[in-house]
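Please look over the sequence and the structure shown below before reading on. The text that comes after is meant to be read with both in view.

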Amino acid sequence: GVYGILEADAPFVAQQIDLIFEDIPPDAVKIGMVSNEEIIRTIAERLRFHQARNIVVDPVMISTSGSRLLGDGAEQALRSELMPIATIITPNIQEAEVLSRISIENKEDMLLAAKKMATAIPGAILIKGGHLKDSADDLAYIDEKPCWFSSPRVDNPNAHGTGCTLSSAIACNLAEGYSIEQSVGCAKEYVTGALKAGLNLGKGSGPLNHLYRLRF
């Protein structure tokens, strides 16, 4: 199972993690945006204590408009405490630039950034290429080996939550026992289908269709 905890104070977060693992230990854990340094350190400490496995960290650091979402302390805690225990991290291009301190313009830059990040992150790295100009290919860097995932760029303005959906789908696949490479591939296929389904709800950038595989 995959569980979510709303951000609160650190003692509450620690208590909720303990309750979950002492009741029905999850087969995978997905962590999205956590902007508080103390909570980041608490999450990492409790996950280490419970020997959590299949940890997917989506390092939400940059907003859609390009604004930084994390202060220096929170960013450092993310780098030093949470990312080292992740099975896989899933930064987009902008976040990979911050983490690697490399400007990314093309697929060659993505590979250089992944190699640099891998010197400090023992788990796998998935750099999402949706912001590339010439393609939408993603790069998974697993055990010092690159694996590219190509997919067509889907013309759908309703793509809110695409990155969160991808990392959650990866966690679900890991929980099912798939390898990291298989988990990423299946997640990419799912998200592409959800975008192609063309759900259009309300005004602005709406969500993709998470239920497109169901028939009513």
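The model is a predicted one.

At the S6 end of the order, strand S5 (residues 138-142) and strand S6 (residues 145-149) run antiparallel and are joined by five bridges. Asp138 has Phe149 in S6 as its bridge partner, and Ala140 stands opposite Cys147 in S6. S5 and S6 make a hairpin, with two residues between the strands. In the turn, Asp143 has a positive phi of about 55°. As a general point, side chains in a regular strand alternate between the two faces of the sheet.

Next come two helices, helix H2 (residues 37-49) and helix H3 (residues 72-82), whose axes come within 8 Å and cross at roughly 10°. An angle under 35 degrees counts as roughly parallel, and H2 and H3 are therefore roughly parallel to each other. On the H2 side, the residues that meet H3 are Glu37, Ile40, Arg41, Ile43, Ala44 and Arg48. On the H3 side they are Gly73, Ala74, Ala77, Leu78, Ser80, Glu81 and Leu82. Sorted by class, the contact of H2 with H3 has seven nonpolar, two polar and four charged residues.

Which residues does Thr162 contact, leaving aside its neighbours within four places in sequence? They are Val191, Leu195 and Leu208. Thr162 can also be set against His210: the two are 48 residues apart in sequence, and their C-alpha atoms are 9.9 Å apart in space.

The charged end of Arg46 sits over the ring of Phe49, at 4.2 Å from the ring centre. The ring of Trp148 has the charged end of Lys107 over it, 4.6 Å from its centre. Where ring centres must lie within 6.5 Å to pair, the count comes to one aromatic pair.

Key
Residues numbered from 1 in each chain as written. Predicted model: local features only at pLDDT ≥ 70, side-chain atom pairs only at ≥ 80, totals over all residues. Heavy atoms only, no water. Phe/Tyr/Trp six-rings, centres within 6.5 Å; stacked < 30°, edge-to-face > 60°. Lys NZ or Arg CZ within 6 Å of the ring centre and 35° of its normal. Axes fitted to C-alpha atoms, helices over the stretch in contact; angles between N-to-C directions. Helix = DSSP H or I, 4+ residues; strand = E, 2+ residues; numbered from the N terminus. Parallel < 35°, antiparallel > 145°, perpendicular 65-115°, else oblique. Contact = heavy atoms within 4.5 Å. Nonpolar A, V, L, I, M, F, W, Y, C, P; charged D, E, K, R; others polar. Pairing = 2+ DSSP bridges.
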